[in-house]
Every structure is written in C-alpha cells, then in structure tokens.
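Please read this briefing alongside the sequence and the 3D model. It goes from the whole chain to single residues.

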Amino acid sequence: MQKLTLIFSDTEFGEGNATDDFVEDELLIETISKNFHYGKEYPIDFIFNGDTFDFLKAPYKGKYPRHITEKISLWKIEEIRKAHPLFFTTLTECLKTNKQSRIIFIHGNHDFDLEFEGLQKRLKEIITKDKEEQKRILFPGFEFTDGQIHIEHGSQLDEFFKVEPDKLVYNSPNQIVGEPFLLSPWGYNAIYEHYIAIKEKFPLIERLNPRARTIELLPFKLKRKILGGTLWYLLKVFFWTQWKHKEDPLYHFTLPEFKKYMYNFFKGEYEIKVDRHAKRKLKRNNFKAICFGHTHRPRLWKIKGKWMLNTGNWRDEYQLNEKEKMYYPKVKSYAYILHDEKEIQKIELKKIKSKQKAISIKEIKDYARKIPLVPN
Ligand SMILES: [Mn+2]
C-alpha cells in the first residue's frame, strides 16, 4: 500500500510563557493543512518525531520541579493546549484526511512525559472523542520503523540525553515523592535547576546560533555570569549536592558524566551531535532511510545509496550573519516521503520561510545589558 509520511520534529510547543520557543503557530498549521488533499489519494502518517511538546521548559504552577510525575505532565499538557489551541484542532483534522491516516508521536528528550499512559490517554481525548479514531493515534516510544523508513528523534543517539527506555519511569519512589516519576538524564535535571533561570531572563539565548559565538558576543558581565555560573554548578553538584541526596537517582552524577560535561565546557562545545551514530545505525540495518531531528539542522543527504534525513526544527531560531551583524530567522522544515513497504518513491526535505524578523547584534547586546544579574 502506498502512503505519504510527513515528519515534523522539534516543534517544542510550550505554555506560551517566556520559556516557550514555539511562536509560529499559523505557519505550521498552514503547512500541515496544505498536505491534507493528498489524503484523497493515499493514507497519511503525520509523524511528530520528538520534542513536539516542550514539557522540559514548561513550568508547573510557576515552578520547575525536578521530579516529574504523571500528575505534573497532565497539568502541563492542559497549559500547552491553552497556549496553542489551533495545533490541537489541526490534529483532529489530520485524522479526517483519510480513513487510514494516523498521528504518531515519538518520544524526544523534551517530551519523555509521553511515556505516561495517562498522558497518552489524555492526548487522544483532546484530539478526538471518537474511540475508533483514537486507535489511529500511536505512541511507539523512542523509535518507529515503517517499511524502509526508520524514524527516531535522535536523543537516543546523543550521549548527553540517552536514557534506558524500559527504565524511564522510576517505580520505587516511596521515600522520595510518593509517586512514580521520570528518570530523566542528568542534563535534564541541570536545566530544571540551573539553566532555566537564565532562560527566563534571556529567552533568546538558546535561539541564537552558533551558540559559542553568541556567548562571546554578550556583554562581559552576563558572559561571566553564564559561564562562571555553569562551572560553579557542575562542581557543586558533583562534589556536594549528589551526596546530600544520595537516595535519589535523579541527583546521581557519575564521574564519567562529570568528565564529559567538564570536557565540553572547557572546549566551548555546545552543539549537539548525532550524525555519526545515525550513520552507523543506517549502515547496520536494512532500512533505506533514517529520519531524525534533535540537532535542529535540516539536511537530506545520501550515504552509499541510503538516505539520511534531518528534519530540522520549528522553534524560533536564528542564525548569525557576521558580515551583516544580523541574526536571520532559520528556515522551517519537514519531511515528505511517498513510499510503500518495499520502496521509497519520493523523499524530500520541504523548506518554509519563517515570518519572523531578523535581529541585529546590537539589539541583542542592548537587551542583554538590561538583564538584572544576581550573584550566583
Ligand atoms: Mn531533542
């Protein structure tokens, strides 16, 4: 059976507050809807390949608790829905494009919460009340293979965000929070505890690329605050905090992990890398294409007759043009794949121009100078 697979990744829908990096609702919805007519010819799989929802940077009642229980995830999804209602109504329409069209949510590292059964159930209810239609909403976990195409977010190929899928929900938490919670990787916890405060004051910070160069451009005091604060944080949790919370697995910070973070910190390496691992996976398996996201760098290329496809992202991100001293909005992108069980007939990386305005380096500096700095 021939079908159309559309893959979107890293949309990062948040709660509409300062830490929400998704702003182009209309552009995305228009892009998805433009494909609806294909449903007359073949079923469409609408695949949301991870970091669809940004539970990670979405506050719970104004705070960022470290232990994420199902109750917290359920609360957050209602807020995300309130902030981006059109996306959810578009999902409802996706299921109507063809009697066999499906919506598939793959886990990313910003939405480990999708592992909670209660959350899956709630998402299905939000999208449709029809029990038969609900069967066409799938949660395959971290990866999904369909015929010749393998799809995964990419965080499982990233040594900083990889988790053990079977152990994602920590089930013996009685002495800690009294309910099962997500056993997220250490970097995730560092975001809740340390980084989110910077992000709330300076939301643009991780929307500007390249990251290392952007930090260099910041006023000295802010740069010192960010870099010094991060180093202090790494040392503090390794030598002190993790021992104080010895019983709690979320605080564990092993020596190899500590070394890895320190190494990257001193190297000034803040970019995520997964291509090498994706390539290896593609080589070792029978599928003809591997589709991933996570690094936010859209690209379609061929290796020994097989396809590597990074679907990019939909966050509000910018790329620096040094010559013009301007940050330009990055292109948005998604995958368009026409295929059956045996063959890929067409594979394309579709690009859409963002409608956001460019930002000058001067504007960034002026903004950064006004950020109130409190001591670490
Ligand atoms: Mn990711």
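Predicted model: local features only at pLDDT ≥ 70, side-chain atom pairs only at ≥ 80, totals over all residues.

Residues are numbered from 1 along each chain as its sequence is written.

**Overall fold**

- The chain has 11 helices and 17 strands; helices (H or I, at least four residues) and strands (E, at least two) are DSSP runs, numbered from the N terminus.
- The radius of gyration of the chain is 21 Å, which agrees with the value near 21 Å for a compact globule of 376 residues. That radius is taken over C-alpha atoms, and the globule rule is 2.2 Å times the number of residues to the power 0.38.
- Along the principal axes, the C-alpha atoms fill a box of roughly 60 × 55 × 40 Å.
- Of the 376 residues, 34% are buried. A residue is buried if 20 or more other C-beta atoms lie within 10 Å of its own, exposed if 12 or fewer, and partly exposed in between, with C-beta atoms placed from the backbone.
- Among contacts in the chain with a separation of 6 or more, 71% are between residues 24 or more positions apart. Two residues are in contact if their C-beta atoms, placed from the backbone, lie within 7 Å.

**Nonpolar core**

- The largest nonpolar core holds 55 residues, and Leu6, Ile7, Ile103, Cys291 and Ala335 touch the most other members. Such a core is a set of buried Ala, Val, Leu, Ile, Met, Phe, Trp, Tyr and Cys residues joined through C-beta atoms within 7 Å.
- Beyond its neighbours within four places in sequence, Leu6 contacts Asn35, Ile44, Phe46, Ile47, Tyr334, Ala335 and Tyr336.

**Helix 4**

- Helix 4 (residues 117–127) has Leu119, Leu123, Lys124 and Ile127 as its buried residues. They sit on the same side of helix 4, because they cover an arc of only 140 degrees around the axis; the arc is that of the directions from the helix axis to the C-beta atoms.
- An α-helix has 3.6 residues a turn, so residues three or four places apart point the same way.
- The buried residues of helix 4 pack against helix 2, helix 3 (85–96), strand 3 (102–106), helix 5 (131–134) and strand 4 (137–141).
- Exposed residues Glu117, Gly118 and Glu125 are on the face of helix 4 turned away from its buried side.

- An open sheet of four strands runs in the order 9-13-14-17, with mixed pairing. Its edge strands, strand 9 (208–209) and strand 17 (359–360), each pair on one side only.
- Two strands pair if DSSP finds at least two bridges between them. Strand 9 is parallel to strand 13 (residues 318–321), with two bridges, and Leu208 has Tyr318 in strand 13 as its bridge partner.
- The peptide bond between Asn209 and Pro210 is cis, with omega about -10 degrees. Pro210 belongs to the loop between strand 9 and helix 7 (211–217).

**Single residues**

- Lys61, in the loop between strand 2 (44–49) and helix 2 (70–83), has a positive phi near 50 degrees. Lys61 is exposed, with 9 other C-beta atoms within 10 Å.
- Lys325 is not a glycine, yet its phi is positive at about 55 degrees. Lys325 lies in the loop between strand 13 and strand 14 (326–329) and is exposed, with 12 other C-beta atoms within 10 Å.
- Glu216 lies in helix 7 and counts as exposed, with 10 C-beta neighbours inside 10 Å.
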